[in-house]
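Please look over the sequence and the model first.

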Amino acid sequence: MNSSSPEKPYAIACDRNREPILAVLRQCLPKRGRVLEIGSGTGQHAAYFSSVFPDLEWLPSDLQENLEGISLWRQEAGDNCLAPISLDLLSDNLKLPQADAIVCINTLHIVAWKGACQLFAAARDVLVPEQGIYLYGPYRYADRPLEPSNVQFDQWLKARDPASGIRNFEDLTQVAQDQGFVLDDDIPMPANNRSICFRRVAQQ
Ligand SMILES: C[S@@+](CC[C@H](N)C(=O)[O-])C[C@H]1O[C@@H](n2cnc3c(N)ncnc32)[C@H](O)[C@@H]1O
């Protein structure tokens, strides 16, 4: 008899970055409501953040192939960690499910730039004024050189997939602004990452 159960996917980076990310999420997430996580990956963040925020519903999402792994982590989480949904930022006519906040960690440098543009366009249809998008990852700034560790990371990303790569902060804020979001915070994080918080504003 084979009694082994499937092993949960694991990324050490999630253990390392979850506390610094949590400190920022405590400031920018709503007290109640539903958080849509884009690019949930292993599912570790979904399991952890849903346990820390029992009054929030946490909705993980990723490409279909990752949902099984996320579901394994969900088995250890509370009821407020919802079943993961398939969500591809590059899909035509991207529509997001209802949410009161969106969290996207280490994903915009993986997906092609079109995915970042589609994220903000689709988020505009879901979030209402004062609700926000939280981004975490490495970013390039026009007024200073990219950190050496991120230069290497960017080269590695592009060698793997030329459509991926570290995004320009100014391009991102422009796309956000075009879709009715303003920059609320841009916070330095460990290992040359950033926490970037956008907030939906009422359109004139
Ligand atoms: C570097 S991983 C980050 C995962 C997780 N957020 C973390 O911090 O560990 C990037 C994630 O983006 C997801 N991804 C790649 N292309 C995507 C797309 N087109 N739409 C949505 N997610 C995508 C991958 O499946 C992967 O889970």
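Q: On a 1 Å grid over the protein atoms alone, a pocket is an open set of points with protein on both sides within 12 Å along at least five of seven lines, whereas a cavity is a set where a 1.4 Å probe fits but cannot get out. How much space lies in the second largest pocket?
A: This is a predicted model, in which local features need pLDDT of at least 70 and side-chain atom pairs count only at pLDDT 80 or more, while totals for chains, interfaces and linings use all residues. Residues are numbered from 1 along each chain as its sequence is written, and side-chain values use heavy atoms, with hydrogens and water left out. With grid points joined across faces, edges and corners, and volume taken as the space filled by probe spheres set on them, the second largest pocket holds about 240 Å³.

Q: Which residues lie closest to the centre of the second largest pocket?
A: Lining residues have an atom within 4 Å of a point, and 19 of them line the second largest pocket. Helix 1, strand 4 (101–105), strand 5 (132–137), strand 8 (181–189) and strand 9 (193–200) each give that lining at least two residues. The closest to the centre are C28, L29, G132, D184 and C197.

Q: Which element gives the largest share of the lining of the largest pocket?
A: The largest pocket has a volume of about 940 Å³, and among its 39 lining residues I105, N106, T107, H109 and I110 lie nearest the centre. At least two lining residues come from each of helix 1 (12–28), strand 1 (33–38), strand 2 (56–62) and helix 5 (148–160); helices (H or I, at least four residues) and strands (E, at least two) are DSSP runs numbered from the N terminus. The largest share, five residues, is supplied by helix 1.

Q: Which space does the ligand take?
A: A backbone N or O atom of G39 lies 2.6 Å from a ligand nitrogen atom, and a polar side-chain atom of D62 lies 2.6 Å from a ligand oxygen atom. A polar backbone atom of G41 is 3.4 Å from an oxygen atom of the ligand. The space that the ligand takes is the largest pocket.

Q: Which residues line the largest cavity?
A: Searching the whole structure gives one cavity of 30 Å³ or more, and the largest cavity contains about 30 Å³ of space. The residues that line this largest cavity are Y139, R140, Y141, R144, P145, L146 and E147.

Methods: Polar contact = N/O pair within 3.5 Å; in protein donor to acceptor, adjacent residues only side chain to side chain. Sits in = over half its atoms within 2 Å of the grid points.
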